[in-house]
Structures are given as C-alpha cells and as structure tokens.
Amino acid sequence: MATDESLVEVADADELREEGRLISRAGNQALALFYHEGEVRAVDNRCPHMGFPLAEGTVDDGILTCHWHHARFELSCGDTFDPWADDVQTFPTEVRDGKVYVDPYPEPDLPPVEHWTDRLETGLEESLRLVVAKSAIGLVNEGVPYTDPLRQGLEFGAKYREDGWSSGLTILSAMANLHGELDAEDQKRALYTGLRHVAQDCQGEPPKFDQPSFSASDLSAERLEEWFRETIEVRDDDGAERCLQTAIATLEPEQVADMLYAAATDHLYMDAGHTFDFINKACESLDHVGWEYADEILPSVIPRLTQATRSEELSSWRQPDDVAEHTFDAYDELPKLVADGQTEDWNAPDGFTDTLLSDDPEEVVTAMKAAVQNGATAEQLASEVAHAAGVRVAQFGTSNEFNDWNTVHHTYTYANAVQQAARRTNSMAGYRGAFAGAMSVYLDRFLNTPPAPIPDGTEVEAPDDIREALLDTFDEEGEVNTAGRFVAAYLAEDGDPAELKAALGAGLLREDAGFHTLQNVEAAFEQFDGESAPEKARVHMVATARYMAAHFPTRRSAEQTYTIAARLNRGEQIHESE
C-alpha cells in the first residue's frame, strides 16, 4: 500500500481529466496516465512487448490497446489479454489537493524470480522468442544460476514432444556446455538460444506420456541391458522405456548411460551420427542439472534409437566397399583385442592420423585393431578419430556443394560424442563407436579433394584483437580461409585460448546460427580443451572458424529480439524520436 513517503506528484488532476491522458515521469520511471470511467490510472509508458509508448494507445471499456502490435491490457491491473505481450506494470495513484500522486516503486505482485519463471514457461508453451529472451535475461539478472532455466527447458522439451529428444534439446545442452567459455552477456544469449530452440521444436507437437518402471526391484544390470537392447532392436518404444525407467531407479548413472551407449552402437552411425550425439547430450545435460532428473529427461532419447536409420542399411556403407561388414567384423574381435591390450600403455604411432584419412578402409580397420590390441583405451582411440574428423572439416574443399559441409560436420560431432561418452563409461560401446566413426571419416574422403591446406599460423599476422578480426571476417560472406588463418596465427603467437573461445562464442551467438553450427562450435571447444598437443588442438579451432565463416553472416533476427529484450529489462526507451 502506498504511503505518503512513497508518493510522487506527477500531474495536475484537472488537466488529466480534461486531456484524458498525459505523459509524466516519476524518478526514472516513464508513466502513461489515464483518466477513464472516473478513475485515474497509471501504467509504465513502455509497452512490455516492444516498448512502444502506451500513451499513444487507445482506452475503451477498461482495456488499453497498444497501436504497435495491438496488445491489450486490463487497465486497472495491467494484466494482458495476449500472452506474447507480457503484463504491463501499473502504479498506485492518489488524487489530493488537485494533484495526481503515484507510487513509482510498488511491491510486485510476484517476487521477480517467480515472475520470470512463470513467464519463461509461457514463452516455451507459446514459442514466444521475446518472452523467452526477457525471461532468461531477467532470471540471470536476479542471480538465478543458469542451471535453473536450463532444467526448466529440459523438462519442458522432454515432456511436450512425443517424438522425443531432438535438435532443440541438443542445442540447449550444447549451450550449457559453452557457458563457462563465454562472456557474461553471451552466457545469457546462449541460454536464450537454447531455450528458444526448445520452444520452437515443441510448438504444435503432442505431449509425451511416460511409461512406469517395472515393479521388480532385483533385476540385474545385465538383464536390464539385454532387455533394453532387444526392445530397441525391434523398435518397441514402450518396452524400452519401462526397461530404462527401471534402470534409472535401480542402477548407477554410469550403468544407465552405458545401456544407452550400447544400444546406440548395436547398429552403425545411426541417423548420420545424431542418435549417439543426442544420447550423449542428454547425459551431459544431467551433469549440469543433476541425475535426479534422469527419469524425466532420459526417456526422451528412446525414439532416437527406435526410429533411427541404421547405416548398414544404406548403399553408401555397402557399395563399392562393404565398410559395414568391416566394422561389424571388428566388433566381433573387440573383446579379445581389448583383453590382449589391457597391460600396454598406448600412444598413437607416427602416421596414425594419415592412416585414418587414407583411401583404404581395410587399412583403417587394421590400424584401429592394432591400436586396441596394443592397449589403446576407448577414449584414446575415439580422440584420434575425432582429430581425423576435425581434419576433414579443416580441409573441407569449398568447391564442394555447400550442403556437403553437413557431411563432414556429422562425422565430427559424432566422433566428439563418442569420445565424451568414453570418458564417462569404460565399456565396449566407446570402442564400437570409434570404429564406426573411423568408417565415416573414410566415407568423407572425397570432400577433401583437393584438401584445403591447414594454416600453420605464418600466412597472416596475428590480429591484435582476435574478437574484432573474427567478427569483421564473419561480416563478409565466404571468408572461410581468412577465418582459419586468423585463428592459426593467433594460436601460433601464444594468444589466450580463453579470449579466442569468447570471440568465437560472440560471433556464434549474434547470428541466426543453425543447429549444425551451434553443435560444431561446442564440439570444437571440447576437442580443443581435451587435446594436449598444440598442433592437433589448433586443427579443431581452425576447423570451427572455417565452418562458422562458411555459414555467416545471417540476418541476425534472433539478436535483434535479444537486444530489444535486454533494453526493455533495463528500462530503456525503445521508440524515441531520433
């Protein structure tokens, strides 16, 4: 309730009655004052949708309508008729001695965190980008950890998309992985990027209805994994979910993840690698928000397993070389090869990358089997495959069709996911994924014909300001090799990797970057951080800079929405005379 101390004089009462509306200020607060149906009303003059002056709107029958996008507000309380517009702030008024007084700092109806959490849910439900942006910014500004809106987005995406985990949730998880690499403002942009993609993915989709776990509590991990893989084999979603829910309820997280990875490698390179990558991203998302949410999140990946294309069914994996048969034969030998190699300490021999990039699939498989027999762990082997896949991106020939960037990209993000999975679980799935990834690297060989040279850092001078150099490069279409040279030169001069990653993140998040570009940058950062050899680490940053430059600039419509949301949350005027 307003007190004498909180009230500020804002207008002459007779003038307001005569004019019907006035513009005023109370401190930093811009006000629209209305005299309607015998009452004095005061609202924030900025429409909460896009900031247009509400004093220029229409008031009729207790409804204030903004003329900019026709958002309607109940004048006495500010509640909107249109969820995409948000509610407008109202202010208590009092008329005394011919003057209008307003309390410019009333107690909010809801605490800010609760308000923004509610608004985020509306933004997700209605797929309203501006509402999502304002909510993400508002929550972070209130000191809420990024994991809270992340969890809200994960739960929403898992529940409201019957077809399960898709690109939106993958983007959200990737943006969470990038969180620590970004500047503070870009951390908000990353959260907004992931959440808006989840909302878009779920728009118009039917919800998912969960299956319960089995009531038996003494099922072994081996039995549950056997059942789970059998249900995936016959594409039985419901049976698979009951097995998975039981595993979540009774097993350790590592065992649950291994069940999923095993099923994802029973067939080869499922859905061009997306299946394994999506499963791994689901597991990584739980690392951020907590594995206690696994029963809500993980079942969403089951359709990615049951509905997936199996690459051994594709002619490209069967003709003219039957690389599928080579891979399955290696699968059969893996248990013995792993057992033989357990006592060895393996390092990749000279020329191992060249072998992985060779034109002979049998030579590739032979070298991989020798590595396992000589003690290579699944993580080590997957790391070498990921590096080879990174070389394919770094050497992608721009004379190829533009869509062929996707082909080398898919192999790269798949190989990265396999390596991250191999860090999580010490099982046969990591080895199998590495062999399938190596065969995909082989199949991509023609996209390096001729191979673009990987810059060594001597082609151009290292930029003084890597952010400015890269952002300027991304402003120009087709500066693929320039971007790679700048990155190589910066790293060769011992530039700060943190600054480089922040610069690439800034370039990524200002664009309307697509699913694959967002994936690519996150995978490159993971590989760069995990690679101890500077020459090999450089390849990943060069590769992603080239990939970004190939896909930029865009229209940057999402950034325009973010900028408007940030200005509205700061209380700025959006529409003013220039």
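**Ground rules.** I am working with a predicted model, where local features need pLDDT of at least 70, side-chain atom pairs count only at pLDDT 80 or more, and totals for chains, interfaces and linings use all residues. Residues are numbered from 1 along each chain as its sequence is written, and side-chain values use heavy atoms, with hydrogens and water left out.

**Entry one: α4 and α6.** I looked up helix α4 (residues 147-159) and helix α6 (residues 184-202), whose axes come within 10 Å and cross at roughly 15°. Axes here are lines fitted to C-alpha atoms over the stretch in contact, with angles from 0 to 180 degrees between N-to-C directions. Helices are DSSP runs (H or I, at least four residues), numbered from the N terminus. α4 and α6 are therefore roughly parallel (angles under 35 degrees). Their crossing is left-handed (the near helix is turned anticlockwise from the far one by less than a right angle).

For contacts (heavy atoms within 4.5 Å), I found Pro-149, Leu-150, Gly-153, Phe-156 and Gly-157 of α4 meeting Leu-191, Leu-195, Val-198 and Cys-202 of α6. Nonpolar covers Ala, Val, Leu, Ile, Met, Phe, Trp, Tyr, Cys and Pro, charged covers Asp, Glu, Lys and Arg, and the others, Gly among them, are polar.

**Entry two: α13 and α15.** Next I checked helix α13 (residues 323-340) against helix α15 (residues 361-373): the angle is about 15° and the axes are 9 Å apart. α13 passes α15 in a right-handed crossing. The contact has 8 nonpolar, 2 polar and 4 charged residues.

Terms used
Parallel < 35°, antiparallel > 145°, perpendicular 65-115°, else oblique.
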